[in-house]
Amino acid sequence: MDYLFKAADGSLVTQESLREALIKAGADKADILYVHSDMTFGVPNAALGRKGIMAGLLEGIESLGVGTIVFPTFTFSFPNGKDYDVNRSKTKMGALNEYARRIPEAVRSLDPLMSVAVIGDKKYLATGIGHASIGRDSTFDMIAREENVKFLFLGVHPGLCFTYTHYVEWASKTPYRYDRPFTGRIKDAGGNTYEATYDLFVRYQGVTPHGNDLPERMEKAGAMKTEAVGDDFIYVIDKDPAQEILTERLAAEPEYMVTIEKPFRKDDTFTLDKEMVAL
């Protein structure tokens with residue numbers, strides 16, 4: 001079998017070794033697997049090419065037999081002053097996520113801010129959403145109602161991109177974020193173009209995120225499992241215990257996730273120094 005990556009110590013990351021690590025971390029036990037990714041496992045196998053490596057990674061995940069796989073394909077198109085084309089708007093959520101959204105089996109949501117691509121049974125996680133990217137009737141809100149959901153971090157640390165934590169902030173009614181409407185144009189899969197408004201749960205001015213010990217708390221409580229893969233790691237987090245831990249922390253320490261400069265102020269112009277790629 002062709003390898004996918006070669007680690008610094010000379011060991012090879014293959015589709016099978018990745019699968020074994022995923023199983024050890026419990027990813028195969030999920031009914032819904034939500035995948036954050038980065039390609040940090042070693043030097044890619046040039047003989048396979050970018051497409052071959054992405055196909056191998058996706059096949060390794062699909063071989064677990066999980067019923068539904070969700071890939072975030074966020075674009076933040078409207079805040080960035082761009083139209084959103086469900087077929088053509090690229091995501092910056094990683095090469096694997098960009099590859100996954102383009103395969104024929106994937107269904108991508110019409111959310112012009114925080115879209116997802118869904119492969120498998122529960123496609124309504126993409127097709128049945130409302131006009132809030134984080135809150136009520138968002139993909140995250142639907143995931144919150146589901147059982148046996150796990151988040152897979154493939155070569156990226158949860159402290160960098162555990163986006164579901166923002167849903168927990170919304171559910172916890174944190175005072176330092178608010179739903180801000182953004183309006184723009186959407187082109188759907190059939191080529192129809194129309195204007196729409198979606199809400200994004202943004203921070204007030206003067207509120208900045210900071211590091212916290214949530215990953216350590218989750219690991220200690222058994223809500224997160226870690227396995228080494230090549231030069232990096234994979235992490236698998238169980239939704240329900242993780243949400244319980246963060247909800248309790250926010251109740252005890254409201255500024256657990258952020259540094260707050262009071263009073264809160266809305267950004268009237270929402271001017272960005274660079275493209276938005278995260279909340």
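Predicted model: local features only at pLDDT ≥ 70, side-chain atom pairs only at ≥ 80, totals over all residues.
Let's start with helix α1, which covers residues 15-24. Its buried residues are Leu18, Ala21 and Leu22. Looking down the axis of α1, you will find these residues within an arc of 100 degrees, so they line one face of the helix. What do the buried residues of α1 pack against? Their partners are the strands β2 (12-14), β9 (149-154), β13 (224-229) and β14 (232-238), together with helix α2 (49-62). Just after α1 comes glycine 26, with a positive phi of about 90 degrees.

Next, follow the chain to serine 133, in the loop between α4 (124-127) and α5 (139-145). Is serine 133 buried or exposed? Its relative accessible area is 3%, and since buried means under 20%, serine 133 counts as buried. The side chain of serine 133 makes a polar contact, at 2.9 Å, with the side chain of aspartate 111. Setting aside neighbours within four places in sequence, serine 133 also touches other residues, including Leu113, Met114, Phe140 and Asp199.

Finally, turn to the largest pocket, which holds about 770 Å³ of space. It is lined by 33 residues, and Gly159, Leu160, Cys161, Phe162 and His166 are the closest to its centre. Elements that give two or more residues to this lining are β3 (32-37), α6 (158-161), α7 (164-171) and α8 (214-220). Of these, α6 gives the most, with 4 residues. By type, the lining comprises 18 nonpolar, 11 polar and 4 charged residues.

Methods. Residues numbered from 1 in each chain as written. Heavy atoms only, no water. 1 Å grid on protein atoms, 1.4 Å probe; cavity = no way out; pocket = protein on both sides within 12 Å on 5 of 7 lines; lining within 4 Å. Points joined across faces, edges and corners; volume = space filled by probe spheres on them. Nonpolar A, V, L, I, M, F, W, Y, C, P; charged D, E, K, R; others polar. Buried < 20%, exposed > 50% of the residue type's maximum accessible area, 1.4 Å probe, protein only. Polar contact = N/O pair within 3.5 Å; in protein donor to acceptor, adjacent residues only side chain to side chain. Contact = heavy atoms within 4.5 Å. Arc of directions from axis to C-beta.
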